[in-house]
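Have the model open as you read.

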Amino acid sequence: MTAKLNYTREEIFAEYQFASHVKIGDYLFHGGLDAEGNYLSPRSLHRIPAIKAWTQRLKDAGHTTTVFTADDLPMTFFPNTEQSKLLLHHGCKDAMARTLTMVGTIEGYGNAGIALFPQEDLQKYFVEDIEGTCLAHLQYLLPAHGHDEAFSDYKGYKESGHEEMWWVIRDVCLDYPEITDDMFEDLPIPPPPGYQGRAKAAPDALNIAEAIPLAMTPGVPPVLEFMVTGLTSLLAIEFAAASTFKWAKEVLGDPECSSDPEFAVKWVNAISADETIHVTSLQCALSELSTLTILGTEGQHIPGKPVLEAAVKRTIASQQGDRFDRVLAHRMKYIKRELDARPDGEKILAEFAELGPVPEFVA
Ligand SMILES: [Fe+2]
Ligand SMILES: [Fe+2]
């Protein structure tokens, strides 16, 4: 039997028949549980088999299905696992609560960020017929992806996405720490245009041009160029999220640091399962693009491969340096603030510095 390659928007958004939903406090998590209590990602009844089928088609034609991997990016999480555990052993929860609040908040940027992508039929940008490809379905896949990151209410009721799921993990595992307004302010990463949440950027936060390293390749329609660079940047963000998941499971999955280690592991794994859908769809769409010919602004034919390769190069180069140092410095500023308020703060800070690098920061 040939795999199904064409899907409507309704099919891409279709849900499993869940045996139950999960509600923690006021938060109804997206997705649901099967009869055995296993987590099923939201909007994934067809999304997962569709991405598998498109990826398989590429493989069968002898093409690559990976444009770059997490190994191509510098991945260090600060504070590292041991530093984070040290803070929690000493009851220093504020910096951890702040970091987890920011992790959720930045996940929540995703929905507004993804809404900036053109959600249109991309056929006009290609010489070949793109029917039955992942690229042709991005106009449905991207909004489904966006809803995974922040809450969605298109069903007439509100479901929590990754943003609020992280906040619940924080609250359950750190015993409902005090969450203050300043945890949403002065952030080193600014919200994308259209974002309507609580977060506010620091005056020196990076700007969108730093976040999405655009180029103007002669003849490539600017909308398509934005799309390609936006998708490679989004893939890099997904990889960065994966390093956060590993850290969160190590720290919050440790009974000595967490009020509910099982909850932490279960729900970080659930978010991670959703992210796998994002990573595989982005890898597939971008791999397809490198096999296609772009229809240039003057009708010229431009191979997709070098355009994609240049975007990947720019994306990898943009994932290091000053903008990342600012994020680490932001976290360190609040760790230091919390330790300074304790009589044994200096001693803890010395131990902290022995466990890994300490970023420079401006108090
Ligand atoms: Fe996410
Ligand atoms: Fe994601």
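**Helix packing and nonpolar cores**

Helices α4 and α5 are roughly antiparallel to each other, a label for angles over 145 degrees. Helices here are DSSP runs of H or I with at least four residues, and strands are runs of E with at least two, both numbered from the N terminus. This is a predicted model, in which local features need pLDDT of at least 70 and side-chain atom pairs count only at pLDDT 80 or more, while totals for chains, interfaces and linings use all residues. Residues are numbered from 1 along each chain as its sequence is written, with chains lettered from A and ligands numbered from 1 in the order in which they are written.

**Helix α4 and its partners**

- The axes of α4 and α5 cross at roughly 155° and come within 7 Å; axes are lines fitted to C-alpha atoms over the stretch in contact, and angles run from 0 to 180 degrees between N-to-C directions.
- On the α4 side, Glu-107, Gly-108, Gly-110, Asn-111, Ile-114 and Ala-115 meet Leu-142, His-145, Gly-146, His-147 and Glu-149 of α5 (contact puts C-beta atoms, placed from the backbone, within 7 Å).
- α4 itself covers residues 94–115, and 32 Å separates its first C-alpha from its last, close to the 32 Å expected (1.5 Å times one less than the number of residues).
- Because 20 of its 22 residues are buried, α4 is largely enclosed by the rest of the structure; buried means 20 or more other C-beta atoms within 10 Å of a residue's own, with C-beta atoms placed from the backbone.
- α4 also packs against α6 (residues 162–173), at about 165° with axes 7 Å apart, so this pair too is roughly antiparallel.
- Contacts between these two include Ala-97, Leu-100 and Gly-104 from α4, and Trp-166, Trp-167 and Arg-170 from α6.

**Helices α6 and α9**

- The axes of α6 and α9 lie 10 Å apart, at an angle of about 165°.
- Among the residues making this contact are Ile-169 and Cys-173 of α6, and Trp-267 and Ile-271 of α9.

**Nonpolar cores**

- The largest nonpolar core has 44 residues, of which Val-228, Leu-231, Ala-285, Ile-294 and Leu-308 touch the most other members; such a core is a set of buried Ala, Val, Leu, Ile, Met, Phe, Trp, Tyr and Cys residues joined through C-beta atoms within 7 Å.
- α8 gives the most to this core, nine residues.
- Apart from it lies another core of 39 residues, including Trp-166, Cys-173, Ala-199 and Ala-270.

Conventions: Buried ≥ 20, exposed ≤ 12 C-beta atoms within 10 Å, placed from the backbone. Parallel < 35°, antiparallel > 145°, perpendicular 65-115°, else oblique.
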